[in-house]
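Me: I would like to learn how to read a protein model feature by feature. Please take one feature at a time.

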Amino acid sequence: MKSSVKTLPPAVVWSLLVVATGLTFAAGEFGIGSAGEAGHPGPALIGSVLLLAGAKGTLVILDFMDLRRAPLFWRVVVLGWLALVVSGILLVYLKGSA
Amino acid sequence: MNSQATPAAQTLAGDSAPVLRGDLAVWIFILAELLAFGVFFLAYAFARAGDPVAFDAAQAGLDRHAGALNTLLLVSSSAAVAQAAKRVHRGAAAAQAARWLLVAIACGLGFVLVKGSEYATHFAAGMELSSSTFAMFYLALTGFHFMHVLLGLTVLTVLWVRTRAGAYGPRDSNGLDSGAAYWHMVDLVWLILFPLVYVMR
(Lines give C-alpha, C1' and ligand atoms only; values in the text may rest on other atoms or scores of the structure.)
Protein backbone atom coordinates (compact mmCIF):
# COMPACT_ATOMS: atom_id res chain seq x y z
CA MET A 1 0.00 0.00 0.00
CA LYS A 2 2.67 2.52 -0.98
CA SER A 3 1.08 4.56 -3.70
CA SER A 4 -2.57 5.57 -3.56
CA VAL A 5 -4.76 2.63 -4.54
CA LYS A 6 -7.55 3.48 -6.94
CA THR A 7 -10.82 1.61 -7.00
CA LEU A 8 -12.38 1.01 -10.40
CA PRO A 9 -15.26 3.40 -11.22
CA PRO A 10 -18.66 1.82 -10.41
CA ALA A 11 -19.75 2.11 -14.07
CA VAL A 12 -16.73 0.05 -15.21
CA VAL A 13 -17.31 -2.61 -12.55
CA TRP A 14 -21.00 -2.71 -13.45
CA SER A 15 -20.21 -3.21 -17.16
CA LEU A 16 -17.85 -6.09 -16.37
CA LEU A 17 -20.41 -7.69 -14.07
CA VAL A 18 -23.12 -7.43 -16.73
CA VAL A 19 -20.87 -9.07 -19.35
CA ALA A 20 -19.89 -11.85 -16.92
CA THR A 21 -23.55 -12.43 -16.06
CA GLY A 22 -24.38 -12.68 -19.76
CA LEU A 23 -21.60 -15.24 -20.23
CA THR A 24 -22.79 -17.26 -17.23
CA PHE A 25 -26.34 -17.28 -18.59
CA ALA A 26 -25.14 -18.24 -22.08
CA ALA A 27 -23.05 -21.08 -20.64
CA GLY A 28 -26.14 -22.40 -18.87
CA GLU A 29 -28.39 -21.94 -21.88
CA PHE A 30 -26.21 -23.32 -24.66
CA GLY A 31 -23.76 -25.38 -22.66
CA ILE A 32 -19.99 -25.38 -22.91
CA GLY A 33 -17.89 -28.29 -24.05
CA SER A 34 -19.34 -31.78 -23.78
CA ALA A 35 -22.12 -31.72 -21.22
CA GLY A 36 -22.16 -35.53 -21.08
CA GLU A 37 -25.14 -37.73 -20.32
CA ALA A 38 -27.80 -36.98 -17.77
CA GLY A 39 -26.33 -36.85 -14.30
CA HIS A 40 -22.84 -36.16 -15.59
CA PRO A 41 -22.11 -32.49 -15.18
CA GLY A 42 -19.94 -30.90 -17.79
CA PRO A 43 -16.59 -30.11 -16.16
CA ALA A 44 -16.09 -27.30 -18.70
CA LEU A 45 -19.43 -25.73 -17.78
CA ILE A 46 -18.75 -26.05 -14.07
CA GLY A 47 -15.20 -24.71 -14.31
CA SER A 48 -15.99 -21.73 -16.51
CA VAL A 49 -19.10 -20.69 -14.61
CA LEU A 50 -17.28 -20.89 -11.26
CA LEU A 51 -14.36 -18.93 -12.71
CA LEU A 52 -16.81 -16.21 -13.75
CA ALA A 53 -18.39 -16.27 -10.27
CA GLY A 54 -14.95 -15.87 -8.71
CA ALA A 55 -14.12 -12.95 -11.00
CA LYS A 56 -17.45 -11.25 -10.32
CA GLY A 57 -17.11 -11.77 -6.59
CA THR A 58 -13.59 -10.35 -6.61
CA LEU A 59 -14.80 -7.17 -8.34
CA VAL A 60 -17.64 -6.70 -5.83
CA ILE A 61 -15.30 -7.29 -2.88
CA LEU A 62 -12.46 -5.05 -4.06
CA ASP A 63 -14.34 -2.23 -5.76
CA PHE A 64 -17.93 -2.10 -4.47
CA MET A 65 -17.08 -3.04 -0.89
CA ASP A 66 -13.97 -0.88 -1.30
CA LEU A 67 -11.72 -3.50 0.29
CA ARG A 68 -9.02 -2.71 -2.28
CA ARG A 69 -8.15 0.20 0.00
CA ALA A 70 -8.88 -1.55 3.29
CA PRO A 71 -6.28 -3.02 5.66
CA LEU A 72 -4.81 -6.23 4.24
CA PHE A 73 -6.51 -8.36 6.92
CA TRP A 74 -10.01 -7.60 5.61
CA ARG A 75 -9.07 -8.15 2.00
CA VAL A 76 -7.51 -11.52 2.84
CA VAL A 77 -10.48 -12.65 4.96
CA VAL A 78 -13.21 -11.79 2.44
CA LEU A 79 -11.29 -12.83 -0.69
CA GLY A 80 -10.25 -15.97 1.22
CA TRP A 81 -13.92 -16.75 1.87
CA LEU A 82 -14.65 -16.42 -1.83
CA ALA A 83 -11.70 -18.63 -2.82
CA LEU A 84 -12.67 -21.30 -0.28
CA VAL A 85 -16.31 -21.41 -1.30
CA VAL A 86 -15.65 -21.42 -5.05
CA SER A 87 -12.87 -24.02 -4.89
CA GLY A 88 -14.89 -26.14 -2.44
CA ILE A 89 -17.87 -26.20 -4.80
CA LEU A 90 -15.54 -26.96 -7.73
CA LEU A 91 -13.95 -29.92 -5.94
CA VAL A 92 -17.26 -31.43 -4.89
CA TYR A 93 -18.75 -31.06 -8.38
CA LEU A 94 -15.73 -32.41 -10.23
CA LYS A 95 -15.46 -35.33 -7.83
CA GLY A 96 -19.11 -36.06 -8.49
CA SER A 97 -18.56 -36.05 -12.24
CA ALA A 98 -15.60 -38.41 -12.14
CA MET B 1 -15.25 2.04 17.16
CA ASN B 2 -13.25 3.45 14.31
CA SER B 3 -16.12 5.64 13.13
CA GLN B 4 -14.56 8.74 14.65
CA ALA B 5 -10.94 7.98 13.89
CA THR B 6 -11.26 6.87 10.30
CA PRO B 7 -12.22 10.09 8.50
CA ALA B 8 -9.68 12.11 10.47
CA ALA B 9 -6.88 9.61 9.84
CA GLN B 10 -7.82 9.60 6.19
CA THR B 11 -7.57 13.37 5.96
CA LEU B 12 -4.19 13.39 7.66
CA ALA B 13 -2.59 10.57 5.72
CA GLY B 14 -4.26 11.19 2.40
CA ASP B 15 -5.93 8.64 0.16
CA SER B 16 -3.15 6.07 0.44
CA ALA B 17 -3.81 5.07 4.06
CA PRO B 18 -5.78 1.82 4.31
CA VAL B 19 -9.39 2.44 5.26
CA LEU B 20 -12.15 -0.01 6.10
CA ARG B 21 -15.31 1.84 5.10
CA GLY B 22 -18.24 1.27 7.42
CA ASP B 23 -18.70 0.16 10.98
CA LEU B 24 -16.48 -2.61 12.35
CA ALA B 25 -19.52 -4.27 13.95
CA VAL B 26 -21.29 -4.37 10.58
CA TRP B 27 -18.24 -5.99 9.00
CA ILE B 28 -18.15 -8.66 11.69
CA PHE B 29 -21.86 -9.27 11.01
CA ILE B 30 -21.07 -9.50 7.28
CA LEU B 31 -18.38 -12.12 7.95
CA ALA B 32 -20.85 -14.17 9.99
CA GLU B 33 -23.38 -13.99 7.15
CA LEU B 34 -20.79 -15.00 4.57
CA LEU B 35 -19.81 -17.96 6.71
CA ALA B 36 -23.43 -19.11 6.98
CA PHE B 37 -24.02 -18.80 3.23
CA GLY B 38 -20.70 -20.53 2.51
CA VAL B 39 -21.64 -23.55 4.61
CA PHE B 40 -25.06 -23.58 2.92
CA PHE B 41 -23.48 -23.55 -0.57
CA LEU B 42 -21.15 -26.43 0.25
CA ALA B 43 -24.01 -28.39 1.81
CA TYR B 44 -25.93 -27.94 -1.45
CA ALA B 45 -22.93 -29.17 -3.46
CA PHE B 46 -22.53 -32.27 -1.25
CA ALA B 47 -26.26 -33.03 -1.33
CA ARG B 48 -26.25 -32.79 -5.10
CA ALA B 49 -23.22 -35.08 -5.36
CA GLY B 50 -25.34 -37.73 -3.62
CA ASP B 51 -28.00 -37.63 -6.34
CA PRO B 52 -26.94 -35.56 -9.38
CA VAL B 53 -29.62 -37.02 -11.67
CA ALA B 54 -32.50 -35.91 -9.43
CA PHE B 55 -30.89 -32.50 -8.79
CA ASP B 56 -30.32 -31.81 -12.48
CA ALA B 57 -33.86 -32.89 -13.36
CA ALA B 58 -35.33 -30.62 -10.69
CA GLN B 59 -33.03 -27.75 -11.69
CA ALA B 60 -34.38 -27.96 -15.25
CA GLY B 61 -37.70 -26.75 -13.83
CA LEU B 62 -36.20 -23.41 -12.78
CA ASP B 63 -36.57 -20.27 -14.88
CA ARG B 64 -32.98 -19.40 -15.79
CA HIS B 65 -34.12 -16.20 -17.48
CA ALA B 66 -35.59 -15.00 -14.19
CA GLY B 67 -32.38 -15.94 -12.38
CA ALA B 68 -30.22 -14.06 -14.86
CA LEU B 69 -32.53 -11.02 -14.81
CA ASN B 70 -32.32 -10.98 -11.02
CA THR B 71 -28.53 -11.15 -11.19
CA LEU B 72 -28.54 -8.08 -13.44
CA LEU B 73 -30.94 -6.29 -11.08
CA LEU B 74 -28.82 -6.98 -7.98
CA VAL B 75 -25.57 -6.08 -9.73
CA SER B 76 -27.11 -2.83 -10.94
CA SER B 77 -28.50 -2.07 -7.51
CA SER B 78 -25.07 -2.66 -5.96
CA ALA B 79 -23.46 -0.40 -8.58
CA ALA B 80 -26.02 2.34 -7.88
CA VAL B 81 -25.19 2.20 -4.16
CA ALA B 82 -21.48 2.47 -5.05
CA GLN B 83 -22.32 5.53 -7.18
CA ALA B 84 -24.20 7.11 -4.28
CA ALA B 85 -21.33 6.44 -1.86
CA LYS B 86 -18.80 7.84 -4.32
CA ARG B 87 -20.80 11.06 -4.55
CA VAL B 88 -21.06 11.40 -0.78
CA HIS B 89 -17.31 10.78 -0.39
CA ARG B 90 -16.63 13.51 -2.93
CA GLY B 91 -18.93 15.94 -1.21
CA ALA B 92 -21.36 16.13 -4.12
CA ALA B 93 -24.90 17.46 -3.65
CA ALA B 94 -27.03 15.27 -1.37
CA ALA B 95 -29.76 15.10 -4.03
CA GLN B 96 -27.35 13.39 -6.47
CA ALA B 97 -26.41 10.65 -4.03
CA ALA B 98 -30.05 10.24 -2.99
CA ARG B 99 -31.09 9.77 -6.62
CA TRP B 100 -28.64 6.88 -7.02
CA LEU B 101 -30.00 5.29 -3.85
CA LEU B 102 -33.47 5.52 -5.37
CA VAL B 103 -32.17 3.66 -8.45
CA ALA B 104 -30.72 1.02 -6.11
CA ILE B 105 -34.05 0.65 -4.29
CA ALA B 106 -35.94 0.35 -7.60
CA CYS B 107 -33.60 -2.43 -8.80
CA GLY B 108 -33.95 -4.20 -5.45
CA LEU B 109 -37.75 -4.02 -5.69
CA GLY B 110 -37.46 -5.45 -9.20
CA PHE B 111 -35.56 -8.41 -7.72
CA VAL B 112 -38.34 -8.94 -5.16
CA LEU B 113 -41.00 -8.88 -7.90
CA VAL B 114 -39.14 -11.36 -10.13
CA LYS B 115 -38.29 -13.72 -7.26
CA GLY B 116 -41.84 -13.40 -5.93
CA SER B 117 -43.32 -14.41 -9.27
CA GLU B 118 -40.93 -17.39 -9.40
CA TYR B 119 -42.10 -18.49 -5.95
CA ALA B 120 -45.75 -18.04 -7.01
CA THR B 121 -45.14 -20.35 -9.99
CA HIS B 122 -43.36 -22.94 -7.82
CA PHE B 123 -46.06 -22.93 -5.15
CA ALA B 124 -48.83 -23.14 -7.75
CA ALA B 125 -47.03 -26.22 -9.10
CA GLY B 126 -47.11 -27.68 -5.59
CA MET B 127 -43.45 -27.24 -4.65
CA GLU B 128 -42.74 -27.24 -0.94
CA LEU B 129 -39.75 -27.81 1.33
CA SER B 130 -40.56 -31.51 1.59
CA SER B 131 -41.07 -32.03 -2.18
CA SER B 132 -37.48 -33.11 -2.80
CA THR B 133 -33.97 -32.56 -1.50
CA PHE B 134 -33.43 -30.07 -4.32
CA ALA B 135 -36.67 -28.20 -3.45
CA MET B 136 -35.65 -28.08 0.21
CA PHE B 137 -32.25 -26.58 -0.65
CA TYR B 138 -33.62 -24.30 -3.35
CA LEU B 139 -36.38 -22.83 -1.19
CA ALA B 140 -34.22 -22.57 1.93
CA LEU B 141 -31.22 -21.04 0.15
CA THR B 142 -33.08 -18.56 -2.01
CA GLY B 143 -35.57 -17.87 0.80
CA PHE B 144 -32.75 -17.08 3.24
CA HIS B 145 -31.23 -14.78 0.63
CA PHE B 146 -34.66 -13.23 -0.09
CA MET B 147 -34.95 -12.24 3.60
CA HIS B 148 -31.59 -10.49 3.28
CA VAL B 149 -32.84 -8.59 0.24
CA LEU B 150 -35.93 -7.45 2.17
CA LEU B 151 -33.78 -6.31 5.11
CA GLY B 152 -31.37 -4.62 2.69
CA LEU B 153 -34.21 -2.73 1.03
CA THR B 154 -35.35 -1.50 4.44
CA VAL B 155 -31.81 -0.32 5.17
CA LEU B 156 -31.53 1.36 1.75
CA THR B 157 -34.79 3.21 2.35
CA VAL B 158 -33.51 4.59 5.65
CA LEU B 159 -30.23 5.55 3.95
CA TRP B 160 -32.14 7.27 1.15
CA VAL B 161 -34.16 9.36 3.62
CA ARG B 162 -31.06 10.29 5.60
CA THR B 163 -28.96 11.01 2.52
CA ARG B 164 -31.70 13.27 1.16
CA ALA B 165 -31.68 15.13 4.47
CA GLY B 166 -27.94 15.69 4.05
CA ALA B 167 -26.96 13.48 6.98
CA TYR B 168 -23.80 12.19 5.26
CA GLY B 169 -20.72 13.94 3.94
CA PRO B 170 -17.08 13.21 3.06
CA ARG B 171 -16.10 13.24 6.74
CA ASP B 172 -19.17 11.45 8.04
CA SER B 173 -20.33 8.64 5.78
CA ASN B 174 -20.09 5.78 8.24
CA GLY B 175 -23.80 4.96 8.29
CA LEU B 176 -24.05 5.00 4.52
CA ASP B 177 -20.85 2.95 4.11
CA SER B 178 -22.06 0.34 6.60
CA GLY B 179 -25.41 -0.11 4.84
CA ALA B 180 -23.65 -0.16 1.46
CA ALA B 181 -21.26 -2.91 2.60
CA TYR B 182 -24.23 -5.02 3.75
CA TRP B 183 -26.01 -4.55 0.41
CA HIS B 184 -22.87 -5.49 -1.55
CA MET B 185 -22.68 -8.66 0.59
CA VAL B 186 -26.25 -9.54 -0.47
CA ASP B 187 -25.14 -9.05 -4.10
CA LEU B 188 -21.93 -11.06 -3.60
CA VAL B 189 -23.81 -14.04 -2.19
CA TRP B 190 -26.24 -14.06 -5.12
CA LEU B 191 -23.32 -14.05 -7.57
CA ILE B 192 -22.46 -17.54 -6.30
CA LEU B 193 -26.04 -18.66 -5.69
CA PHE B 194 -27.13 -18.01 -9.28
CA PRO B 195 -24.54 -20.20 -11.06
CA LEU B 196 -24.73 -22.86 -8.34
CA VAL B 197 -28.49 -23.32 -8.25
CA TYR B 198 -29.57 -22.20 -11.73
CA VAL B 199 -26.68 -23.00 -14.07
CA MET B 200 -24.26 -25.73 -12.92
CA ARG B 201 -25.21 -29.28 -13.83
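Me: What should I know before reading any values?

Reply: The model is predicted. Local features are taken only where pLDDT is at least 70.

Me: How many helices and strands are there in chain A?

Reply: Begin with the secondary structure. Chain A has 3 helices and 0 strands, and its elements run α-α-α from the N terminus on.

Me: Which share of the contacts in chain A joins residues 24 or more positions apart?

Reply: Among contacts in chain A with a separation of 6 or more, 67% are between residues 24 or more positions apart. Ala26(A) and Ala83(A) lie 57 residues apart in sequence, and their C-alpha atoms are 23 Å apart. Ala26(A) sits in helix α1 of chain A and is partly exposed, at a relative accessible area of 25%.

Me: How do I read a nonpolar core?

Reply: The general idea is that in soluble globular proteins, nonpolar side chains tend to be buried together. In this model the largest nonpolar core holds 80 residues. Among the residues with the most contacts inside this core are Leu67(A), Ile89(A), Trp27(B) and Phe41(B). Helices from both chains contribute: α1, α2 and α3 of chain A, and α2, α4, α5, α6 and α7 of chain B, each supply at least two core residues.

Me: Which helix gives the largest share of this core?

Reply: That is α7(B), with 18 residues. Val197(B) is one of the residues with the most contacts inside the core. Setting aside residues up to four places away in sequence, Val197(B) touches Tyr44(B), Gln59(B), Leu62(B), Phe134(B), Tyr138(B) and Leu141(B).

Me: Is Thr163(B) buried or exposed?

Reply: Compare its relative accessible area with the cut-off. Thr163(B) has a value of 2% and is therefore buried, since buried means under 20%. This threonine lies in helix α6 of chain B. Beyond its neighbours within four places in sequence, the contacts of Thr163(B) include Val88(B), Ala94(B), Leu101(B), Tyr168(B) and Leu176(B).

Me: Which residues form a nonpolar patch on the surface?

Reply: Leu8(A), Val12(A) and Leu16(A) make up such a patch, and together they have about 210 Å² of accessible area. Leu16(A) belongs to helix α1 of chain A and is partly exposed, with a relative accessible area of 42%.

Me: How do I read salt bridges?

Reply: In general, side chains of opposite charge can pair when their charged atoms come close. The count over all chains is 6 salt bridges. Take Arg68(A) and Asp63(A): their closest N and O atoms are 2.9 Å apart. Arg68(A) is partly exposed, at 23% relative accessible area, whereas Asp63(A) is buried, at 6%.

Me: Where does burial apply to both partners?

Reply: Arg48(B) and Asp56(B) meet in a salt bridge of 3.1 Å, N to O. Arg48(B) is buried at 3% relative accessibility, and Asp56(B) is buried at 14%.

Me: How many salt bridges are there between chain A and chain B?

Reply: The count between the two chains is 2. Arg64(B) pairs with Glu29(A), with the closest N and O atoms 2.7 Å apart. Asp66(A) pairs with Arg21(B) at 2.8 Å. Asp66(A) lies in the loop between α2 and α3 of chain A, and Arg21(B) in the loop between α1 and α2 of chain B, so this pair joins two chains. Asp66(A) is buried at 10% relative accessibility, and Arg21(B) is buried at 12%. Salt bridges with shared partners link Asp66(A), Arg69(A) and Arg21(B) into one network.

Me: How many residues does each chain bring to the contact, and what area is buried there?

Reply: Chain A brings 45 residues and chain B brings 50 residues. About 4,200 Å² is buried between the chains, and carbon and sulfur atoms give 77% of that area.

Technical notes
Residues numbered from 1 in each chain as written. Chains lettered and ligands numbered in written order. Heavy atoms only, no water. Core = buried A, V, L, I, M, F, W, Y, C linked by side-chain atoms within 4.5 Å. Buried < 20%, exposed > 50% of the residue type's maximum accessible area, 1.4 Å probe, protein only. Helix = DSSP H or I, 4+ residues; strand = E, 2+ residues; numbered from the N terminus. Contact = heavy atoms within 4.5 Å. Patch = residues over 30% accessible without salt bridge, like charges linked within 9 Å, V, L, I, M, F, W, Y side chains within 5 Å. Areas by Shrake-Rupley, 256 points an atom, 1.4 Å probe, with all protein chains shown as cover. Salt bridge = Lys/Arg side-chain N within 4 Å of Asp/Glu carboxyl O. Buried area = accessible area lost by both parts, 1.4 Å probe.
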